[in-house]
Amino acid sequence: MQVTATQLGKVFRSNGRETVAYQDLTFEIRPGEFFCIVGPSGCGKTTLLRMLAGLETHSSGQLEIKPVNGADAPSVGMVGQEHGLFPWMSLPDHVRCLRADHPRLAGRDLDAACDRYLAKV
């Protein structure tokens, strides 16, 4: 997928108060790139990840997520800040669990796909 953010901003409103998570954030992630979001606690890293996964909306600017290589929809997944979804499972087991129902992996060797994804990280 390709991601383009232009002057992206996120403001949380509660009880008449506003909290700016970030503003004027501009970046591009090209297909096949590996990226990291680094910053101190509370700077909006998780909010941005939730936005990229479609779980959160932005307050200003533009966010464009385009599929590539003939995909009909962006393929985005997210695991929360805890060590894993299921504490008793290993990291490879989590990847297998998250990818087991993916239509593009149907009939493929899930272990090989899991190894490929973990090697990227």
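1. Two residues are in contact here when heavy atoms of theirs lie within 4.5 Å. By that rule, and not counting residues up to four places away in sequence, Glu 64 touches Gln 2, Val 3 and Thr 4. The points below refer to a predicted model.

2. Overall make-up. The protein contains three helices and three strands. Read from the N terminus, the order of these elements is β-β-α-β-α-α. Of the 121 residues, 18% count as buried. The accessible surface amounts to about 8800 Å², and carbon and sulfur atoms contribute 51% of that area.

3. Contacts along the chain. Among contacts in the protein with a separation of 6 or more, 51% are between residues 24 or more positions apart. Two such separations in sequence can be followed in the model through C-alpha distances. Glu 64 and Ala 5 are 59 residues apart along the chain, yet their C-alpha atoms are separated by 6.4 Å. Lys 120 and Phe 34 are 86 residues apart in sequence, with 7.7 Å from C-alpha to C-alpha.

4. Strands S1 and S2. Strand S1 covers residues 2-14, and strand S2 covers residues 17-29. The two run antiparallel and are joined by nine bridges. They make a hairpin with two residues between the strands. Asn 15, in the turn, has a positive phi of about 50°. Two of the facing positions can be named: Leu 8 is opposite Leu 25 in S2, and Phe 12 has Thr 19 as its bridge partner in S2.

5. Strands S1 and S3. S1 also pairs with strand S3, residues 60-66, again in an antiparallel sense. Six bridges join S1 to S3. Gly 9 stands opposite Ser 60 in S3. S1 therefore has bridges to S2 and to S3, given that strands count as paired when DSSP finds at least two bridges between them.

6. Lys 10. This residue belongs to strand S1. Is Lys 10 buried or exposed? Its relative accessible area is 7%, so Lys 10 is buried, the limit for buried being under 20%. The side chain of Lys 10 reaches the backbone oxygen of Thr 57 at 2.8 Å. The charged end of Lys 10 also sits over the ring of Phe 12, at 5.0 Å from the centre of that ring.

7. Surroundings of Lys 10. Leaving out residues up to four places away in sequence, Lys 10 touches Thr 19, Val 20, Ala 21, Tyr 22, Thr 47, Met 51, Glu 56, Thr 57, His 58 and Ser 59. Among these, Thr 19 is also the bridge partner of Phe 12, and Thr 57 supplies the backbone oxygen reached by the Lys 10 side chain.

8. Thr 47. Helix H1 spans residues 45-52 and includes Thr 47. Thr 47 has a relative accessible area of 14% and is therefore buried. With neighbours within four places in sequence set aside, Thr 47 is in contact with Lys 10, Phe 12, Tyr 22 and Glu 56. Lys 10, for its part, has Tyr 22 and Glu 56 among its contacts.

9. Aromatic rings. How many aromatic pairs does a search of the whole structure find? The search finds zero. The ring of Phe 12 does have the charged end of Lys 10 over it.

10. Positive phi in strands. Gln 7 has a positive phi of about 50°, although Gln 7 is not a glycine. Gln 7 lies in strand S1. In strand S2, Asp 24 has a phi near 55°, a positive value in a residue other than glycine. Asp 24 counts as exposed because its relative accessibility is 56%, and exposed means over 50%.

11. Glu 64 and Lys 120. At 42% relative accessibility, Glu 64 is partly exposed. Lys 120 lies in helix H3, residues 110-120. With a relative accessibility of 57%, Lys 120 is classed as exposed.

Notes
Residues numbered from 1 in each chain as written. Predicted model: local features only at pLDDT ≥ 70, side-chain atom pairs only at ≥ 80, totals over all residues. Heavy atoms only, no water. Phe/Tyr/Trp six-rings, centres within 6.5 Å; stacked < 30°, edge-to-face > 60°. Lys NZ or Arg CZ within 6 Å of the ring centre and 35° of its normal. Helix = DSSP H or I, 4+ residues; strand = E, 2+ residues; numbered from the N terminus. Buried < 20%, exposed > 50% of the residue type's maximum accessible area, 1.4 Å probe, protein only. Areas by Shrake-Rupley, 256 points an atom, 1.4 Å probe, with all protein chains shown as cover. Polar contact = N/O pair within 3.5 Å; in protein donor to acceptor, adjacent residues only side chain to side chain.
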